[in-house]
Amino acid sequence: MSRYDRIVILTGSGVSAESGVATFRDKGGIWSKYDYREVATPEGFARDPALVHEFYNQRRRAHKTIEPNAAHHALARLEREHRGEVVLVTQNVDALHEAAGSRTLIHMHGELLKALCARCRARHVWTEDLSTVTVCPACGRAGGMRPDVVWFGEMPYHMERIAALLAAADLFISIGTSGSVYPAAGFVAEARARGAHAVELNLEPSEGASLFHEAIHGPAGTIVPAYVERLLEGRA
């Protein structure tokens with residue numbers, strides 16, 4: 001049985017890469033093909049909303065063809081079988097953690113399969129295309145609908161709750177992240193300052209690898225299930 005009572009897990013794009021979801025910062029990733037200032041900022045949306053909608057419409061359509069991988073399933077298993085608290089904080093906007101069965105989940109960068117009305121602030125589950133003429137089901141007005149994702153220059157969601165979880169955690173695990181995007185890159189320091197053991201599971205060392213007590217490198221679909229097994233058996 002695990003010796004940890006409260007586990008906080010941060011996941012990034014490396015968790016979903018083996019499901020066919022493109023990463024952002026790796027060689028050949030999304031930001032090597034698109035200028036993030038055009039498709040992932042409030043200013044870009046104000047300049048050319050049709051372009052931004054098409055960028056996210058393509059990703060929403062592609063999402064219908066992907067499935068959770070072994071890493072997603074292992075984390076859902078940890079949540080089910082661990083006798084303490086397990087909370088997933090994800091930077092990913094995909095819904096693969098939910099599809100694998102995770103329930104205690106915080107989407108700090110929003111969700112691809114949700115839409116936000118900039119006029120009335122209502123959120124809606126959204127699996128089809130959005131456009132500049134899409135009508136908000138709540139307020140009935142057109143022109144204000146946008147993807148419910150956090151763009152560059154916007155504040156991530158649920159930061160107060162995340163800070164409280166990090167302060168109480170006795171194990172912090174970072175999976176599939178570059179360690180270069182704040183505030184998430186600072187989570188390991190926050191957790192360590194409160195006494196948590198910190199573990200990195202990543203394809204290769206992240207920019208903040210030296211901040212972790214322990215690091216295991218390799219494909220997420222291999223190393224995450226193996227580490228979860230160790231945790232549940234009390235060997236981690």
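Close-up 1. P183 lies in the loop between β7 (171-175) and α8 (187-193), where helices (H or I, at least four residues) and strands (E, at least two) are DSSP runs numbered from the N terminus. The peptide bond that leads from Y182 to P183 is cis, with omega near 10°. Y182 belongs to the loop between β7 and α8 as well, and with a relative accessibility of 62% Y182 counts as exposed; here buried means under 20% relative accessible area, exposed over 50%, and partly exposed in between, for a 1.4 Å probe and protein chains only. From C-alpha to C-alpha, Y182 and P156 are 9.7 Å apart in space, while 26 residues separate them in sequence. The model shown in these views is predicted, and local features need pLDDT of at least 70, side-chain atom pairs count only at pLDDT 80 or more, and totals for chains, interfaces and linings use all residues. Residues are numbered from 1 along each chain as its sequence is written, and side-chain values use heavy atoms, with hydrogens and water left out.

**Close-up 2. Positive phi values at R121 and H158.** R121, which is not a glycine, has a positive phi, near 70°, and lies in the loop between β4 (110-117) and β5 (123-125). H158, also a residue other than glycine, has a positive phi of about 65°. This histidine, H158, is placed in the loop between β6 and α7, and its relative accessibility of 44% makes H158 partly exposed.

**Close-up 3. The aromatic pair of Y36 and F152.** The structure holds 5 aromatic pairs, a pair being two rings of Phe, Tyr or Trp (its six-membered ring) with centres within 6.5 Å, called stacked if the planes are under 30 degrees apart, edge-to-face if over 60, and tilted for the rest. The ring centres of Y36 and F152 are 4.4 Å apart and their planes stand at 45°, so this pair is tilted. Because Y36 lies in helix α2 (residues 36-39) and F152 in the loop between β6 (145-149) and α7 (159-168), the pair ties together parts that are 116 residues apart in sequence. Y36 is partly exposed, at a relative accessible area of 34%, and F152 is partly exposed too, at 31% relative accessibility.

Close-up 4. F55 and Y56 form an edge-to-face pair, with 4.9 Å from centre to centre and 90° between the planes, and F55 and Y56 are both buried. Ring pairs join F45, F55, Y56 and W151 into a cluster. R146 lies over the face of W151, at 3.7 Å from the ring centre; a charge sits over a ring if NZ of Lys or CZ of Arg is within 6 Å of the ring centre and within 35 degrees of the ring normal. The charged end of R123 sits over the ring of Y157, 5.0 Å from the centre of that ring.

Close-up 5. M145 is placed in strand β6 and, at 1% relative accessibility, counts as buried. When residues up to four places away in sequence are not counted, M145 touches F45, H53, A115, L116, C117, H124, W126, L130, T134, V135, C136 and P137, where contact means heavy atoms within 4.5 Å. The C-alpha atoms of M145 and R119 are separated by 8.0 Å, and the two residues are 26 residues apart along the chain.

**Close-up 6. The packing of helix α5 against helix α9.** Helix α5 (residues 70-81) and helix α9 (residues 220-233) pack with their axes 7 Å apart and at an angle of about 15°, the axes being lines fitted to C-alpha atoms over the stretch in contact and the angles running from 0 to 180 degrees between N-to-C directions. This makes α5 roughly parallel to α9, a term for angles under 35 degrees, whereas those over 145 count as roughly antiparallel, 65 to 115 as roughly perpendicular and the rest as oblique. The contact is made by A70, A71, A74, L75, R77, L78 and E81 of α5 together with A220, G221, V224, P225, V228, E229, L231 and L232 of α9. E229, in helix α9, is partly exposed at 27% relative accessibility. Leaving aside residues up to four places away in sequence, E229 touches R77 and R235.
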